[in-house]
Amino acid sequence: MAACDDDVAPSTASAYLDPSYWDARFGKEEHYEWFKDFSHFRHLLAPLLSPSLSVLEVGCGNSRLGEDLLREGVAGGITCVDLSPVAVQRMRDRLAALGTKGVDAVVADMLDLPFEQESFDLVIEKGTMDVLFVDSGDPWDPNPTTVENVMKMLNGIHRVLKPEGIFVSIAFGQPHFRRRFFEAPEFTWSIEYSTFGDSFHYFFYTLKKGKRSLESSSYQNTLPSPVAPRINMVHEELESEDFIFLTNLDGL
């Protein structure tokens, strides 16, 4: 995995919500893989792939995940979107220089995806949703702006998925925080998750549209009480810039 250059790291986590920060960063940085590269979670993603799949990667930045999927044999079309026109143009230039066909880079807002309903078999995001949580406040009770934006993102993804499509979310966010969003009543997907990583675990969520269970429908009634131990977002250096999304329990 390419290491993050100190020259592109932000001074505060809230900078990750500023589009101008990403344009400036992508103008300098060639490649960075948030939450590990494909080789670390291939054993989880590869069983979901087939040659005919149409794939949407949300928040591609300067990742090479789209090209990894192409090498895995995905031939139904891979679309990589990012809000930054700088990132998208650099990806287009790189793909053209390599003569790579089958991966398209598109400027798009993850909160307002510009695609027709039921366009993709698989949608994947890797660390993109986590950006929306960097100033969410108390994770047990996120601020209204965070809730609104996360729901906009999920509604858009649910809309562009085909009837039995799959959404993969790779995140730091723990299940007891994410399920409250994933299991909103307007969504029909089932939810499973695995973890990967050595010293620190990342969550690999698999959401299958049209497969929602009764257990999922009733989960909203079993959410943890806000009186549970408070969770704080902290900055701890792991092995990369991924530390900005790490959550730790106070006192542990």
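These notebook entries record what I looked up in a predicted model of one protein.

**Basis.** I count residues from 1 along each chain as its sequence is written, and I use heavy atoms for side-chain values, with hydrogens and water left out. In this predicted model, local features need pLDDT of at least 70 and side-chain atom pairs count only at pLDDT 80 or more, while totals for chains, interfaces and linings use all residues.

**Overall.** I found eight helices and nine strands; helices (H or I, at least four residues) and strands (E, at least two) are DSSP runs, numbered from the N terminus. Of the 252 residues, 50% count as buried, where buried means under 20% relative accessible area, exposed over 50%, and partly exposed in between (1.4 Å probe, protein chains only).

**Contacts.** I looked up the contacts with a separation of 6 or more, and residues 24 or more positions apart account for 70% of them. A contact means heavy atoms within 4.5 Å.

**Lys 36.** I noted a positive phi of about 75 degrees at Lys 36, which is not a glycine. Lys 36 sits in the loop between α1 and α2 (38–45). With 10% relative accessibility, Lys 36 counts as buried.

**Glu 118.** I noted a second residue other than glycine with a positive phi: Glu 118, near 55 degrees. Its loop runs between β3 (103–107) and β4. Glu 118 is partly exposed, at a relative accessible area of 37%.
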